[in-house]
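Student: I am new to this structure. Please take a close look at its salt bridges, and then walk me through the surroundings.

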Amino acid sequence: MKIDLNKHKEEIFNDLIYSLQKATTRWVLSYGGAGSSKSYTQTQHEIMSCLEKKRKTLVIRKYSTTLKDSCIALVKEIMTQWDIEYSENKSEKILTFQNESQMLFKGMDDPEKIKSITGISRIWIEEMSELEEEEID
């Protein structure tokens, strides 16, 4: 099913998406209780950002084992709902859009591996409270 995002925006977006789209600061911190759509809305925002222009987005969680059932699953779910074509490298945990934007999913299990990734234009840290301050730095 193809969704016209403009025609149905009231049905698919909550108010947080508009705040994310207007943000001009280097850091954006979304907070709220469980079920408040933080992750879902951030995922929508990151997908739209990748569709807007070619980007390389690094998606981070504390442990790489948690990515498959959380961030990766949510990105794939929304992209499927929106009828967005993508390719997936499952072993490297990379989703590639038709416009060559990419989302790379990495855990902080070995922070040294993150340092060598080149060409990153955006970083999305999911469940930032799981990380130590030095891991964020």
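**Salt bridges and what lies around them**

Tutor: The count comes to 4 salt bridges, where a salt bridge is a side-chain nitrogen of Lys or Arg within 4 Å of a carboxyl oxygen of Asp or Glu. Keep in mind that this is a predicted model: local features need pLDDT of at least 70, side-chain atom pairs count only at pLDDT 80 or more, and totals for chains, interfaces and linings use all residues. Residues are numbered from 1 along each chain as its sequence is written, and side-chain values use heavy atoms, with hydrogens and water left out.

Start with Arg 122 and Glu 46. Their side chains meet in a salt bridge, 2.9 Å from N to O. Arg 122 belongs to strand S5 (residues 122-125) and Glu 46 to helix H3 (residues 38-52), so this pair ties together parts that are 76 residues apart in sequence. Helices (H or I, at least four residues) and strands (E, at least two) are DSSP runs, numbered from the N terminus. Glu 46 is buried, at a relative accessible area of 2%, while Arg 122 is partly exposed, at 23%. Here buried means under 20% relative accessible area, exposed over 50%, and partly exposed in between (1.4 Å probe, protein chains only).

Next comes Arg 55 with Glu 52. In this salt bridge the closest N and O atoms are 3.0 Å apart. Arg 55 is buried, with a relative accessible area of 15%. Glu 52 is exposed, with 61% relative accessibility.

Now take Glu 100 and Lys 54. Their side chains form a salt bridge of 3.3 Å, N to O. This pair links distant parts of the chain, 46 residues apart: Glu 100 sits in the loop between strand S3 (94-97) and strand S4 (102-107), and Lys 54 in the loop between H3 and strand S1 (56-61). Lys 54 is exposed, with a relative accessible area of 56%.

Which charged residue is buried yet has no salt bridge? Glu 126 is such a residue, and its nearest side chain of opposite charge, Arg 61, is 5.7 Å away. Glu 126 lies in the loop between S5 and helix H6 (133-136). Its side chain does have a polar contact of 3.1 Å with the side chain of Trp 124. A polar contact is a pair of N or O atoms within 3.5 Å; within protein, one must be able to donate a hydrogen and the other to accept it, and residues adjacent in sequence count only if both atoms are side-chain atoms. Leaving out residues up to four places away in sequence, Glu 126 touches Ser 39, Ile 60, Arg 61 and Cys 71. Contact means heavy atoms within 4.5 Å.

Follow Ile 60 from there. Ile 60 is in strand S1 and is buried, at 7% relative accessibility. With residues up to four places away set aside, Ile 60 touches Lys 106, Met 108, Ile 123, Trp 124, Ile 125 and Glu 126. The C-alpha atoms of Ile 60 and Phe 105 are 6.0 Å apart, though 45 residues separate them along the chain.

Beyond four places in sequence, Phe 105 touches residues including Val 59, Leu 67, Cys 71 and Lys 93.

Last, look at Lys 93. Lys 93 sits in the loop between S2 and S3 and is partly exposed, at 25%. Its phi is positive, near 55 degrees. Most residues other than glycine have a negative phi. S2 and S3 pair in the antiparallel sense over 4 bridges; two strands pair if DSSP finds at least two bridges between them. Their hairpin has 4 residues between the strands.

Conventions. Lys and Arg count as positive and Asp and Glu as negative; His and the chain ends are not counted.
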